[in-house]
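Here are my notes for you, written as numbered points to be read alongside the structure. Please keep the sequence and the model in view as you go through them.

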Amino acid sequence: MTVQPIVVSELVKEYSGRGKKITALKGISFSVNEGEIVGVLGPNGAGKTTLCLILSGLLEPTKGTAYIMGEDIRKLRRKACEKYVALYLAEYTQWSLNPRIPALKYLVMVGAIDCIKGDLKRKAETALKKVGLWEWRNEWPSRFSTGMKRKLLLAAMLMYDFPILILDEPTVHLDPASCVEVWKAIKAIASEGRTVLLTTQNMEEAEYLCDRIIFLHKGSIIASGSPEYFKTLVSRYEKISLKVRPLKPEFKKTLERLDGVLRVRAEDTTLILEAQKNTVKPATLIDLASQFNVKILSMSYERPSLSEVFRILLKGDRKWD
Ligand SMILES: Nc1ncnc2c1ncn2[C@@H]1O[C@H](COP(=O)(O)OP(=O)(O)OP(=O)(O)O)[C@@H](O)[C@H]1O
Ligand SMILES: [Mg+2]
(Lines give C-alpha, C1' and ligand atoms only; values in the text may rest on other atoms or scores of the structure.)
(Ligands and ions follow the chains in the order given, each with its own letter.)
Protein backbone atom coordinates (compact mmCIF):
# COMPACT_ATOMS: atom_id res chain seq x y z
CA MET A 1 0.00 0.00 0.00
CA THR A 2 1.34 3.44 -0.88
CA VAL A 3 1.58 5.95 1.93
CA GLN A 4 -0.45 9.16 1.73
CA PRO A 5 2.05 12.00 1.33
CA ILE A 6 0.22 14.39 3.66
CA VAL A 7 -2.11 13.45 6.52
CA VAL A 8 -3.25 16.24 8.84
CA SER A 9 -4.81 15.03 12.07
CA GLU A 10 -6.72 17.34 14.44
CA LEU A 11 -4.06 19.98 14.05
CA VAL A 12 -4.16 22.90 16.46
CA LYS A 13 -1.82 25.89 16.48
CA GLU A 14 -1.94 28.54 19.14
CA TYR A 15 0.26 31.60 19.10
CA SER A 16 0.77 33.51 22.30
CA GLY A 17 2.40 36.82 22.95
CA ARG A 18 1.67 40.14 24.66
CA GLY A 19 -0.72 38.32 26.97
CA LYS A 20 -2.95 37.30 24.06
CA LYS A 21 -3.58 33.86 22.67
CA ILE A 22 -4.50 33.39 19.01
CA THR A 23 -5.72 30.03 17.80
CA ALA A 24 -4.59 30.02 14.18
CA LEU A 25 -5.64 26.41 13.51
CA LYS A 26 -8.55 24.89 15.40
CA GLY A 27 -8.17 21.13 15.06
CA ILE A 28 -8.21 20.58 11.30
CA SER A 29 -7.96 17.18 9.60
CA PHE A 30 -7.53 16.23 5.94
CA SER A 31 -5.21 14.22 3.75
CA VAL A 32 -3.64 14.58 0.32
CA ASN A 33 -3.06 11.70 -2.07
CA GLU A 34 -0.05 11.09 -4.26
CA GLY A 35 -0.07 13.23 -7.41
CA GLU A 36 -2.97 15.33 -6.15
CA ILE A 37 -3.05 19.13 -6.20
CA VAL A 38 -4.95 20.42 -3.19
CA GLY A 39 -5.67 24.09 -2.78
CA VAL A 40 -6.19 25.68 0.61
CA LEU A 41 -8.30 28.74 0.00
CA GLY A 42 -9.06 31.34 2.60
CA PRO A 43 -9.06 35.03 3.47
CA ASN A 44 -6.31 36.88 5.33
CA GLY A 45 -5.61 35.37 8.72
CA ALA A 46 -7.34 32.06 7.90
CA GLY A 47 -4.26 30.08 8.95
CA LYS A 48 -2.85 29.17 5.52
CA THR A 49 0.78 30.15 6.12
CA THR A 50 0.67 28.61 9.59
CA LEU A 51 -0.41 25.32 8.02
CA CYS A 52 2.39 25.47 5.41
CA LEU A 53 5.01 26.17 8.09
CA ILE A 54 3.81 23.26 10.23
CA LEU A 55 3.72 20.84 7.29
CA SER A 56 7.29 21.82 6.44
CA GLY A 57 8.47 21.23 10.00
CA LEU A 58 9.33 24.90 10.58
CA LEU A 59 6.67 25.44 13.23
CA GLU A 60 5.56 23.06 15.96
CA PRO A 61 1.89 22.16 16.33
CA THR A 62 0.28 22.92 19.69
CA LYS A 63 -1.95 19.84 19.56
CA GLY A 64 -2.64 17.14 17.01
CA THR A 65 -0.12 16.45 14.31
CA ALA A 66 0.57 15.84 10.64
CA TYR A 67 2.27 12.97 8.88
CA ILE A 68 4.57 13.66 5.97
CA MET A 69 5.24 10.54 3.89
CA GLY A 70 4.03 8.59 6.90
CA GLU A 71 6.41 10.25 9.38
CA ASP A 72 5.15 12.30 12.31
CA ILE A 73 6.08 15.94 11.76
CA ARG A 74 6.69 16.37 15.50
CA LYS A 75 9.62 13.98 15.19
CA LEU A 76 10.61 14.86 11.64
CA ARG A 77 10.74 18.62 12.22
CA ARG A 78 13.11 20.49 9.89
CA LYS A 79 14.21 17.23 8.31
CA ALA A 80 10.89 17.41 6.43
CA CYS A 81 12.51 20.06 4.20
CA GLU A 82 15.66 17.98 3.76
CA LYS A 83 13.87 14.75 2.87
CA TYR A 84 10.40 15.35 1.47
CA VAL A 85 9.13 18.90 1.15
CA ALA A 86 10.08 21.77 -1.16
CA LEU A 87 8.56 24.87 0.41
CA TYR A 88 7.75 28.13 -1.33
CA LEU A 89 6.75 31.10 0.79
CA ALA A 90 5.79 34.14 -1.27
CA GLU A 91 6.16 36.36 1.80
CA TYR A 92 9.92 35.90 1.95
CA THR A 93 10.79 36.61 -1.68
CA GLN A 94 11.74 40.22 -1.28
CA TRP A 95 14.43 39.82 1.31
CA SER A 96 16.12 36.69 0.12
CA LEU A 97 16.73 37.37 -3.54
CA ASN A 98 19.27 40.05 -4.33
CA PRO A 99 22.25 38.19 -5.74
CA ARG A 100 24.48 39.95 -8.27
CA ILE A 101 25.19 36.91 -10.39
CA PRO A 102 23.28 35.67 -13.42
CA ALA A 103 20.00 33.91 -12.64
CA LEU A 104 21.09 30.60 -14.16
CA LYS A 105 24.34 30.55 -12.16
CA TYR A 106 22.41 31.53 -9.07
CA LEU A 107 20.13 28.52 -9.40
CA VAL A 108 23.08 26.18 -9.96
CA MET A 109 24.70 27.66 -6.83
CA VAL A 110 21.52 27.22 -4.77
CA GLY A 111 21.34 23.62 -5.97
CA ALA A 112 24.96 22.99 -4.99
CA ILE A 113 24.50 24.55 -1.54
CA ASP A 114 21.42 22.42 -0.96
CA CYS A 115 23.18 19.27 -2.23
CA ILE A 116 20.64 18.64 -4.98
CA LYS A 117 21.75 15.59 -6.92
CA GLY A 118 22.13 15.21 -10.69
CA ASP A 119 23.05 17.61 -13.49
CA LEU A 120 22.46 20.97 -11.81
CA LYS A 121 22.95 23.07 -14.93
CA ARG A 122 20.34 21.06 -16.82
CA LYS A 123 17.96 21.18 -13.88
CA ALA A 124 18.39 24.95 -13.53
CA GLU A 125 17.79 25.44 -17.25
CA THR A 126 14.63 23.34 -17.18
CA ALA A 127 13.33 25.16 -14.12
CA LEU A 128 13.94 28.59 -15.67
CA LYS A 129 12.09 27.53 -18.81
CA LYS A 130 9.20 26.15 -16.77
CA VAL A 131 8.57 29.47 -15.02
CA GLY A 132 9.14 31.58 -18.12
CA LEU A 133 12.44 33.18 -17.08
CA TRP A 134 14.62 31.59 -19.76
CA GLU A 135 15.33 34.84 -21.57
CA TRP A 136 16.45 36.39 -18.29
CA ARG A 137 18.93 33.62 -17.46
CA ASN A 138 21.97 35.90 -17.81
CA GLU A 139 20.51 38.81 -15.81
CA TRP A 140 21.10 39.50 -12.12
CA PRO A 141 18.13 38.68 -9.86
CA SER A 142 18.89 41.88 -7.92
CA ARG A 143 17.51 43.70 -10.99
CA PHE A 144 14.37 41.57 -11.22
CA SER A 145 10.89 42.85 -10.49
CA THR A 146 8.98 41.35 -7.54
CA GLY A 147 7.07 39.00 -9.85
CA MET A 148 10.28 37.83 -11.52
CA LYS A 149 11.90 37.22 -8.14
CA ARG A 150 8.94 35.10 -7.17
CA LYS A 151 9.27 33.10 -10.36
CA LEU A 152 12.98 32.60 -9.71
CA LEU A 153 12.29 31.33 -6.22
CA LEU A 154 9.71 28.98 -7.64
CA ALA A 155 12.26 27.82 -10.23
CA ALA A 156 14.73 27.09 -7.42
CA MET A 157 12.08 24.93 -5.79
CA LEU A 158 11.39 23.02 -8.97
CA MET A 159 14.99 21.78 -8.94
CA TYR A 160 14.40 19.62 -5.89
CA ASP A 161 13.28 16.08 -6.56
CA PHE A 162 11.13 15.98 -3.44
CA PRO A 163 7.79 14.16 -3.52
CA ILE A 164 5.87 17.08 -1.95
CA LEU A 165 5.64 20.73 -2.90
CA ILE A 166 4.11 23.20 -0.50
CA LEU A 167 3.41 26.54 -2.12
CA ASP A 168 2.16 29.44 -0.03
CA GLU A 169 0.43 31.86 -2.43
CA PRO A 170 2.63 31.01 -5.44
CA THR A 171 1.16 33.56 -7.82
CA VAL A 172 0.42 36.57 -5.65
CA HIS A 173 1.69 39.74 -7.43
CA LEU A 174 2.26 37.92 -10.72
CA ASP A 175 0.69 39.32 -13.87
CA PRO A 176 -1.98 37.15 -15.57
CA ALA A 177 0.43 35.74 -18.20
CA SER A 178 2.99 34.81 -15.53
CA CYS A 179 0.25 33.21 -13.42
CA VAL A 180 -0.63 30.93 -16.31
CA GLU A 181 3.06 30.00 -16.78
CA VAL A 182 3.38 29.14 -13.11
CA TRP A 183 0.11 27.19 -13.14
CA LYS A 184 1.37 25.13 -16.07
CA ALA A 185 4.64 24.45 -14.23
CA ILE A 186 2.71 23.29 -11.15
CA LYS A 187 0.46 21.02 -13.26
CA ALA A 188 3.53 19.52 -14.92
CA ILE A 189 5.03 18.76 -11.52
CA ALA A 190 1.88 16.99 -10.33
CA SER A 191 1.72 14.98 -13.54
CA GLU A 192 5.14 13.58 -12.59
CA GLY A 193 3.37 12.02 -9.59
CA ARG A 194 4.45 14.65 -7.08
CA THR A 195 1.99 15.97 -4.55
CA VAL A 196 1.18 19.66 -4.31
CA LEU A 197 -0.46 21.60 -1.51
CA LEU A 198 -0.88 25.25 -2.34
CA THR A 199 -2.59 28.15 -0.68
CA THR A 200 -4.34 30.92 -2.51
CA GLN A 201 -6.96 33.60 -2.25
CA ASN A 202 -7.69 33.32 -5.94
CA MET A 203 -10.67 31.14 -6.87
CA GLU A 204 -9.72 31.15 -10.54
CA GLU A 205 -6.33 29.72 -9.63
CA ALA A 206 -7.90 27.06 -7.43
CA GLU A 207 -10.39 26.13 -10.16
CA TYR A 208 -7.71 25.84 -12.81
CA LEU A 209 -5.16 23.96 -10.77
CA CYS A 210 -6.69 21.94 -8.02
CA ASP A 211 -8.21 18.49 -7.85
CA ARG A 212 -9.64 19.43 -4.50
CA ILE A 213 -10.22 22.68 -2.64
CA ILE A 214 -10.24 23.12 1.12
CA PHE A 215 -11.75 26.34 2.39
CA LEU A 216 -10.17 27.56 5.59
CA HIS A 217 -11.75 30.31 7.66
CA LYS A 218 -10.43 31.51 11.03
CA GLY A 219 -8.54 28.26 11.53
CA SER A 220 -11.39 25.87 10.68
CA ILE A 221 -12.20 23.98 7.49
CA ILE A 222 -15.65 25.23 6.52
CA ALA A 223 -15.98 23.43 3.20
CA SER A 224 -14.05 21.09 0.98
CA GLY A 225 -14.70 19.47 -2.37
CA SER A 226 -13.94 19.49 -6.07
CA PRO A 227 -13.81 22.74 -8.06
CA GLU A 228 -17.15 21.66 -9.62
CA TYR A 229 -18.74 21.49 -6.17
CA PHE A 230 -17.62 25.07 -5.47
CA LYS A 231 -18.78 26.28 -8.86
CA THR A 232 -22.24 24.86 -8.15
CA LEU A 233 -22.21 26.58 -4.77
CA VAL A 234 -21.39 29.92 -6.38
CA SER A 235 -24.08 29.44 -9.04
CA ARG A 236 -26.78 29.35 -6.35
CA TYR A 237 -26.24 33.03 -5.56
CA GLU A 238 -26.15 36.31 -7.38
CA LYS A 239 -24.90 39.79 -6.73
CA ILE A 240 -27.09 42.69 -7.76
CA SER A 241 -25.55 46.14 -8.00
CA LEU A 242 -27.97 49.05 -7.91
CA LYS A 243 -26.66 52.56 -8.50
CA VAL A 244 -29.24 54.83 -6.91
CA ARG A 245 -29.96 58.48 -6.20
CA PRO A 246 -30.42 59.35 -3.40
CA LEU A 247 -29.27 56.54 -1.16
CA LYS A 248 -32.01 56.28 1.47
CA PRO A 249 -31.47 54.11 4.58
CA GLU A 250 -35.16 53.11 4.67
CA PHE A 251 -34.95 51.87 1.05
CA LYS A 252 -31.88 49.80 1.97
CA LYS A 253 -33.71 48.37 5.01
CA THR A 254 -36.67 47.34 2.84
CA LEU A 255 -34.34 45.61 0.36
CA GLU A 256 -32.75 43.71 3.26
CA ARG A 257 -36.17 42.31 4.18
CA LEU A 258 -36.96 40.99 0.65
CA ASP A 259 -37.29 37.23 0.27
CA GLY A 260 -34.02 35.67 -0.89
CA VAL A 261 -31.87 38.68 0.05
CA LEU A 262 -29.05 37.72 2.37
CA ARG A 263 -27.20 40.97 2.68
CA VAL A 264 -27.23 44.54 1.39
CA ARG A 265 -24.21 46.77 1.60
CA ALA A 266 -23.66 50.30 0.38
CA GLU A 267 -20.61 51.41 -1.60
CA ASP A 268 -20.85 55.15 -2.31
CA THR A 269 -24.15 55.46 -4.16
CA THR A 270 -24.34 51.79 -5.10
CA LEU A 271 -26.30 49.22 -3.14
CA ILE A 272 -24.97 45.70 -3.47
CA LEU A 273 -27.46 42.94 -2.79
CA GLU A 274 -26.28 39.41 -2.19
CA ALA A 275 -29.20 37.09 -2.85
CA GLN A 276 -30.28 33.59 -3.72
CA LYS A 277 -30.38 33.23 -7.48
CA ASN A 278 -33.61 34.23 -9.28
CA THR A 279 -35.39 35.42 -6.15
CA VAL A 280 -35.11 39.18 -6.65
CA LYS A 281 -36.63 40.32 -9.94
CA PRO A 282 -35.70 43.66 -11.61
CA ALA A 283 -39.40 44.67 -11.64
CA THR A 284 -39.61 44.31 -7.84
CA LEU A 285 -36.58 46.59 -7.41
CA ILE A 286 -37.96 49.19 -9.82
CA ASP A 287 -41.37 49.19 -8.04
CA LEU A 288 -39.77 49.56 -4.62
CA ALA A 289 -37.48 52.35 -5.79
CA SER A 290 -40.42 54.35 -7.11
CA GLN A 291 -42.32 53.86 -3.81
CA PHE A 292 -39.34 55.42 -1.99
CA ASN A 293 -38.76 58.13 -4.62
CA VAL A 294 -35.35 56.70 -5.39
CA LYS A 295 -33.97 56.83 -8.92
CA ILE A 296 -32.19 53.72 -10.22
CA LEU A 297 -29.29 54.90 -12.39
CA SER A 298 -28.03 51.42 -13.24
CA MET A 299 -28.70 47.82 -12.34
CA SER A 300 -26.58 44.72 -12.95
CA TYR A 301 -26.80 41.05 -12.02
CA GLU A 302 -23.47 39.19 -11.59
CA ARG A 303 -22.04 35.94 -10.35
CA PRO A 304 -20.50 36.56 -6.92
CA SER A 305 -16.93 35.52 -6.20
CA LEU A 306 -16.35 32.46 -4.07
CA SER A 307 -15.19 34.58 -1.14
CA GLU A 308 -18.38 36.60 -1.37
CA VAL A 309 -20.39 33.38 -1.25
CA PHE A 310 -18.48 32.29 1.82
CA ARG A 311 -19.15 35.62 3.47
CA ILE A 312 -22.82 35.04 2.71
CA LEU A 313 -22.75 31.53 4.12
CA LEU A 314 -20.88 32.59 7.23
CA LYS A 315 -23.13 35.56 7.95
CA GLY A 316 -24.86 35.12 11.26
CA ASP A 317 -23.18 31.79 11.90
CA ARG A 318 -21.32 32.53 15.11
CA LYS A 319 -19.80 29.05 15.08
CA TRP A 320 -16.93 30.35 12.96
CA ASP A 321 -16.04 33.39 15.08
N1 LIG B 1 4.11 34.60 14.68
C2 LIG B 1 2.85 34.85 15.04
N3 LIG B 1 2.55 35.29 16.28
C4 LIG B 1 1.28 35.53 16.67
N5 LIG B 1 0.21 35.36 15.85
C6 LIG B 1 0.44 34.94 14.60
C7 LIG B 1 1.77 34.66 14.12
N8 LIG B 1 1.68 34.24 12.83
C9 LIG B 1 0.37 34.27 12.52
N10 LIG B 1 -0.38 34.68 13.57
C11 LIG B 1 -1.85 34.80 13.61
O12 LIG B 1 -2.41 33.56 13.23
C13 LIG B 1 -3.54 33.75 12.38
C14 LIG B 1 -3.30 33.03 11.06
O15 LIG B 1 -2.22 33.64 10.39
P16 LIG B 1 -1.64 33.10 9.01
O17 LIG B 1 -0.46 33.92 8.65
O18 LIG B 1 -1.44 31.63 9.12
O19 LIG B 1 -2.88 33.38 8.04
P20 LIG B 1 -2.94 33.38 6.45
O21 LIG B 1 -4.17 32.61 6.09
O22 LIG B 1 -1.66 32.91 5.88
O23 LIG B 1 -3.20 34.89 6.09
P24 LIG B 1 -2.72 35.76 4.81
O25 LIG B 1 -3.72 35.48 3.71
O26 LIG B 1 -2.82 37.16 5.29
O27 LIG B 1 -1.33 35.36 4.44
C28 LIG B 1 -3.71 35.25 12.24
O29 LIG B 1 -4.69 35.65 13.17
C30 LIG B 1 -2.36 35.82 12.62
O31 LIG B 1 -2.50 37.07 13.21
MG1 LIG C 1 -0.27 33.77 4.59
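1. Of the 321 residues of the chain, 37% count as buried, a residue being called buried if 20 or more other C-beta atoms lie within 10 Å of its own, exposed if 12 or fewer do, and partly exposed in between, with the C-beta atoms placed from the backbone. Along its principal axes, the C-alpha trace spans about 75 × 45 × 45 Å.

2. Please remember that this is a predicted model, in which local features need pLDDT of at least 70 and side-chain atom pairs count only at pLDDT 80 or more, while totals for chains, interfaces and linings use all residues. Residues are numbered from 1 along each chain as its sequence is written, and chains are lettered from A and ligands numbered from 1 in the order in which they are written. The chain averages a pLDDT (the predictor's confidence in each residue, from 0 to 100) of 88, and 95% of the residues score at least 70. Over residues 316-321, however, the pLDDT is below 50, and this stretch has five contacts in the model beyond near neighbours in sequence; two residues are in contact if their C-beta atoms, placed from the backbone, lie within 7 Å.

3. The chain has 13 helices and 14 strands, which are DSSP runs numbered from the N terminus (helices are H or I, at least four residues; strands are E, at least two).

4. The chain is divided into domain 1 (6-232) and domain 2 (236-320), with bounds that come from an automatic or database domain assignment. Their C-alpha centres lie 38 Å apart, and eight residues of domain 1 are in contact with six residues of domain 2. On the side of domain 1 that touches domain 2, β9 (212-217) and β10 (220-225) are the elements that give two or more residues.

5. Which residues touch the most other members of the largest nonpolar core? They are L55, I68, V85, L107 and A155, in a core of 74 residues; such a core is a set of buried Ala, Val, Leu, Ile, Met, Phe, Trp, Tyr and Cys residues joined through C-beta atoms within 7 Å. Helix α7 (residues 146-158) gives the most to this core, with eight residues, and the core draws at least three residues from each of domain 1 and domain 2. Leaving aside neighbours within four places in sequence, L107 is in contact with A124, A127, L128, A155, A156 and M159.

6. Around ligand 1 the model places Y15, G17, I22, A24, G42, N44, G45, A46, G47, K48, T49 and T50, a residue being near a molecule if its C-beta atom, placed from the backbone, lies within 6 Å of it. At least two residues of this shell come from each of β1 (6-17), β2 (20-32) and α1 (48-55), and α1 gives the most, with three residues.

7. Is K295 buried or exposed? K295, which is found in strand β14 (residues 295-302), is exposed because 10 other C-beta atoms lie within 10 Å. Not counting residues up to four places away in sequence, K295 touches V244 and R245, whereas the C-alpha atoms of K295 and A188, 107 residues apart along the chain, are separated by 53 Å.
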